[in-house]
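Subject: Structure for you to look through

Hello,

Here is the structure for you to look at. Please open it first and then read the notes below it.

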Amino acid sequence: MLKGQVALVTGGSRGIGRAVCRRLAAMGAKVGINYVSNPAAAEETLAEVAADGGSAFLARFDVADAGAVQKAVKEIVADHGVIDILVNNAGITRDGLMARMKEEDWDAVIDTNLKGTFLCSKAVMRPMMKQRRGRIINITSVIGFLGNGGQVNYGAAKAGIVGLTKSMARELAPRKVTVNAVAPGYIVTDMTSELSEEIRDAIRSQIPLGSLGSPEDVAAVVGFLAGDDAAYMTGQTLHVNGGMYMGN
Ligand code: NDP
């Protein structure tokens, strides 16, 4: 279904990003696995894609570094001709109550999660606009909709991604590039592994479907948005949260 297409997945080496890489590769895309600090995890993802019979390559760069992003995207386009699909998934948390939150923890989360989405999208949009085809899929979070004590930086970045998605969707629609977001609820990954069992139980009690989600639950929806069936959707946010949040 994505045969002949090239996808770039930021933060593709672990967690949700890894499942997205595997999904897009299984759909036939050649997948660029981006990461920044942990080559072993990226190699593992590469091996998993290969074991599934898919095609992938590694792309190490910091999504928050404008120069590095531009250079990497240029190299990928030179090597593979195009980038058809960008999944802005790289993200970090630096939690803490606002009264005690350091400015550097605010900046780190905004830079990676929100500015990184802007920089990577800006770098790929020109080749996408030129070919009059492209899909940009931004990973936001239920926290951008519900808010969460201890995560003012993360909540601001994730709500910002929703606004960014809508404005980008309007700008790029005339060139047939669609921009959508996926908002996961609580998903079992390294990011949530630090939560205590007590907190997990409290979270579970707020999820109508009764359990945390898997990276594959999110990857399936990203795969849908990347595929032909989602051609007429843009500026939307799809929620994957077990019913935890039902607004829009
Ligand atoms: P993980 O912590 O498991 O993985 C994060 C990934 O992002 C890694 O591949 C990491 O690479 C990469 N990364 C981090 N910083 C950068 C950077 N500056 N440049 C490039 N890559 C970077 O996260 P999850 O899989 O849990 O989360 C993925 C996305 O989903 C995030 O945007 C997160 O906010 C969002 N999300 C997650 C939820 C959850 O419950 N897990 C819920 C809602 C949203 P490396 O290892 O090399 O640093």
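**Surface patch**

Met98, Trp106 and Val152 make a nonpolar surface patch of about 280 Å². Patches are made of residues with over 30% relative accessible area and no salt bridge, with like charges joined within 9 Å and nonpolar side chains (Val, Leu, Ile, Met, Phe, Trp, Tyr) within 5 Å. A salt bridge is a side-chain nitrogen of Lys or Arg within 4 Å of a carboxyl oxygen of Asp or Glu. Areas come from the Shrake-Rupley method with a 1.4 Å probe, and for residues only the protein chains shown count as cover. Val152 lies in helix α6 (residues 152-172); helices (H or I, at least four residues) and strands (E, at least two) are DSSP runs, numbered from the N terminus.

**The model**

This is a predicted model: local features need pLDDT of at least 70, side-chain atom pairs count only at pLDDT 80 or more, and totals for chains, interfaces and linings use all residues. Residues are numbered from 1 along each chain as its sequence is written, and side-chain values use heavy atoms, leaving out hydrogens and water. The protein chain has a mean pLDDT (the predictor's confidence in each residue, from 0 to 100) of 97.

**Asn241**

Asn241 sits in the segment after β7 (237-240). Is this residue buried or exposed? Asn241 is buried, because its relative accessible area is 11% and buried means under 20%, exposed over 50%, partly exposed in between. Excluding residues up to four places away in sequence, Asn241 touches Val142, Gly185 and Ile207 (contact means heavy atoms within 4.5 Å).

Regards

Terms used. Buried means under 20% relative accessible area, exposed over 50%, partly exposed in between (1.4 Å probe, protein chains only).
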